[in-house]
Amino acid sequence: MHNLEQLEKRWFIYKAKKYIPIALLTVLVTIALIVTLLFKSDVKKELAVKKDNIIKKDEPIVPVSFVENVVIKEKREEYAPLVLQPSMSFMEKIKSSEQEKTVPVKKVQPVEKIKITKAKSVTKHTKITEYELLTLENRFAKSSSATLGLFIAKYYYKNKEYKNSAEYALKVNELNPNLEESWMIFASSLAKNGKKDDAIQVLKKYIDKTHSSNATTLLKDIIKGKFK
Amino acid sequence: MRLVLLLLLALSTIFANQTSELLKRYENAEYKQICTDYSSNIKNYRKSEKFVLLYSFSCLEAGYIDSLAVPITMLKYSKDARDNASYFATILLQKKILYNALIDDVDISSLRLPTTTYILSKVFDLYVKNKNNPVDGVYRLDDTQDADTFYKLYISSRSHIKKMVIEVYKNKKLENRYIYW
């Protein structure tokens with residue numbers, strides 16, 4: 001007799017073997033489908049983010065000055081503006097080139113003519129008499145005008161009376177601390193009086209405040225000993 | 001070749017002479033005259049930056065700030081020239097912005113610009129920081145460094161073109177008046 005139970009088992013195994021590859025294939029396909037679907041959703045999200053960025057870029061650019069931004073206002077209070085100074089050293093260059101030109105002319109010219117030119121230059125400096133200077137000083141004492149004070153300081157400096165020029169330049173600095181010329185005369189007078197350290201200190205303080213290029217060149221000259 | 005060299009030499013001597021002559025006029029404070037004399041042909045002097053600089057400073061002293069526009073573009077070859085070009089450009093820019101702000105009521109309180117020691121820059125800085133409203137169209141701006149000094153800033157409509165007026169008061173006395181448009 002045939003063993004029916006064994007036959008049924010063998011038939012079942014045979015059928016199972018037949019369907020296993022199909023089942024495996026379907027499982028793999030479903031897994032692949034799920035993975036692709038997930039990947040697509042990620043890509044869509046990324047694209048959406050990028051689109052948002054593009055849209056933001058396309059928006060009209062509003063100038064910062066018109067945006068009411070508290071942070072900007074706070075920063076503005078901290079902001080120390082850059083102070084630009086005119087650079088007047090080119091004038092010295094023009095003058096020096098002029099002097100270079102005049103040197104050979106002086107050699108050729110007879111002595112008498114040179115004397116005449118010197119006399120002219122002297123008359124420029126000694127235009128003011130002692131009486132006039134006194135009246136100017138009195139006027140300055142009454143009016144305390146910075147421009148008048150600067151004029152007197154310049155006069156003394158040109159006439160090599162450095163103590164007086166320093167005194168008047170200091171007064172002018174107190175009246176109007178923004179006049180660069182008076183600071184320069186004050187520092188130069190101190191240096192000429194042998195108070196180089198004081199002159200350096202004054203110039204350093206002035207440079208810290210104004211970043212003046214003229215003052216820095218003068219400071220360098222004094223430190224290097226070029227200023228005499 | 002020799003001809004070219006000779007021409008160059010001749011040109012440089014001509015420019016040098018003109019520059020020293022201009023310097024003399026500048027030292028004699030002929031600012032207005034210098035500025036008006038060369039305003040139409042300053043481009044012809046572009047090879048001499050020193051000449052252009054003297055012209056520019058004359059215009060600045062005379063208060064003809066718009067005349068600085070052309071030299072600003074020409075000053076670029078030496079450090080002096082570049083320094084002064086940015087100095088002039090700042091003043092010109094501040095003038096234009098201040099004029100625009102006063103006439104068209106443009107808010108410039110959040111502006112951050114470099115500054116200079118020139119009167120217009122000083123008033124510009126004070127105006128930007130100013131929180132007070134104008135009285136009858138006149139801004140009173142107190143000098144932060146000098147307690148005795150204050151400035152009045154307003155627009156004058158007397159002529160066909162609106163003009164910006166800056167008045168400097170020292171110890172309550174009018175010391176100077178500058179008009180720009």
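This is a predicted model: local features need pLDDT of at least 70, side-chain atom pairs count only at pLDDT 80 or more; totals for chains, interfaces and linings use all residues.

Reader: Which residue does Val83(A) stand opposite in β1(B)?

Author: The strand β1 of chain A takes in residues 83-84. In β1(B), the residue opposite Val83(A) is Thr115(B).

Reader: Which side chains meet in a salt bridge between chain B and chain A?

Author: The rule finds one salt bridge across this interface. A side-chain nitrogen of Lys or Arg must lie within 4 Å of a carboxyl oxygen of Asp or Glu. Here the N to O distance is 3.4 Å, and the side chains are those of Asp80(B) and Lys93(A).

Reader: Which element gives the largest share of the side of chain B that touches chain A?

Author: Several elements of chain B give two or more residues to that side, among them α3 (49-62), α5 (79-104) and α6 (119-129). The largest share is eight residues, and it comes from α1(B).

Reader: How much area do chain B and chain A bury between them?

Author: In this interface, 35 residues of chain B are in contact with 25 residues of chain A. There are also eight residue pairs in polar contact, both residues at pLDDT 80 or more. Carbon and sulfur atoms carry 60% of the buried area, which amounts to about 2,600 Å².

Reader: Is Thr210(A) buried or exposed?

Author: Thr210(A) belongs to helix α9 of chain A, residues 196-210. Leaving aside residues up to four places away in sequence, Thr210(A) touches Val83(A) and Gln85(A). Its relative accessible area is 13%. Because buried means under 20%, Thr210(A) is buried.

Reader: How far apart in space are Glu180(A) and Tyr206(A), C-alpha to C-alpha?

Author: Glu180(A) lies in helix α8 of chain A, residues 180-192, and counts as buried at 19% relative accessibility. Residues up to four places away in sequence not being counted, Glu180(A) touches Gln85(A), Tyr206(A), Ser212(A) and Asn214(A). Glu180(A) and Tyr206(A) are 26 residues apart in sequence, while their C-alpha to C-alpha distance is 8.9 Å.

Technical notes
Residues are numbered from 1 along each chain as its sequence is written. Chains are lettered from A and ligands numbered from 1 in the order in which they are written. Side-chain values use heavy atoms; hydrogens and water are left out. Helices (H or I, at least four residues) and strands (E, at least two) are DSSP runs, numbered from the N terminus. Buried means under 20% relative accessible area, exposed over 50%, partly exposed in between (1.4 Å probe, protein chains only). Contact means heavy atoms within 4.5 Å. Buried area is the accessible area (1.4 Å probe) that two parts lose on being put together, summed over both. A polar contact is a pair of N or O atoms within 3.5 Å; within protein, one must be able to donate a hydrogen and the other to accept it, and residues adjacent in sequence count only if both atoms are side-chain atoms. Two strands pair if DSSP finds at least two bridges between them.
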